[in-house]
Amino acid sequence: MARRSPVSASRTAAAPAPAPSRPVGNATRGTTNPNRLRRMDRWIAAEHGAELRRTADPVAVDLGYGAAPWTALELLGRLRTVRPDARVVGIEIDPARVAAALPYARAGLDFVHGGFEVPLPGGPGRAPVLIRAANVLRQYDEDEVAAVWARLCTRLAPGGLLVEGTCDEIGRRHVWVALGPEGPRTVTFATRLGSLDTPSDLAERLPKALIHRNVPGEPVHAFLRDFDRAWASAAPLGALGARQRWRAAVASLAADWPLAGDPRRRRQGEVTVRWEALAPRRGLSDG
């Protein structure tokens, strides 16, 4: 994809630029497994549920859903536990993937051809309350991330949320960044605790904005180092189960790192940290 300068954050979400003649972005590998994004979906429903209930137009986007429509179907089901009239639009840059998904369209679920311009049925003034972009930027260069984030954030409705991250093929390990119209807010690490040897195992699933920053001198490296130390200190609690060990390690982290979100979600193998604590020392586009 050609380099593009970040979109100005001053543009309102309700007045996006006219759609380009071709979708913005590149086709990615499109690996799709059922239930792969369950951890992200559960977090979205819990942490963004209040905004979903308040909004007049509860439309969400599954951006880059891949070679099969399963993740869009699953997102619709999860959001409808919070908002029964929620709608999901699956967007793919590969027209063959859109054609393959169309037989699965139904009331509240559409599939359209597009990219980072985020086209929605219903007219150019419509804006989503949620954009989920999972495993989309993994195949881009790090210096492209800031521009993509900025572009997607300008498409959000007021109070909207962009969730962008990476997971493994069966959804055991997942790390994502949550962004609002103003930019990045938090980073969440989520795992099936029985699969974890050390918290730093999650480093291989860091999103593109952070994966190359897991080196000495960068905040995300320091966080994972401290998490491993806390995990080791909590080893005696492993006799009571990985969940108890995880919760103790996270509680220890809270003394030095600004944790966020509902503490009850830590029981699910999650921990959320303020973005500013993990942000790269240099800007994402500084190289």
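**Chat about salt bridges and a helix**

Colleague: How many salt bridges does the structure hold?

Modeller: The structure holds 19 salt bridges, each being a side-chain nitrogen of Lys or Arg within 4 Å of a carboxyl oxygen of Asp or Glu. This is a predicted model, where local features need pLDDT of at least 70, side-chain atom pairs count only at pLDDT 80 or more, and totals for chains, interfaces and linings use all residues. Residues are numbered from 1 along each chain as its sequence is written, and side-chain values use heavy atoms, with hydrogens and water left out.

Colleague: Which residue does Arg 173 meet in a salt bridge?

Modeller: Glu 204, at 3.8 Å, N to O. Arg 173 sits in strand β6 (173-180) and Glu 204 in the loop between β7 (183-191) and α6 (208-211), so the pair ties together parts 31 residues apart in sequence. Strands (E, at least two residues) and helices (H or I, at least four) are DSSP runs, numbered from the N terminus.

Colleague: Is Arg 173 buried or exposed?

Modeller: Buried, at 12% relative accessible area, while Glu 204 is partly exposed at 42%. Buried means under 20%, exposed over 50%, partly exposed in between (1.4 Å probe, protein chains only).

Colleague: New topic: which residues of α3 are buried?

Modeller: In α3 (70-79), Thr 71, Ala 72, Leu 75, Leu 76 and Leu 79 are buried. They cover an arc of only 140° around the axis, which puts them on the same side of α3; the arc is that of the directions from the helix axis to the C-beta atoms.
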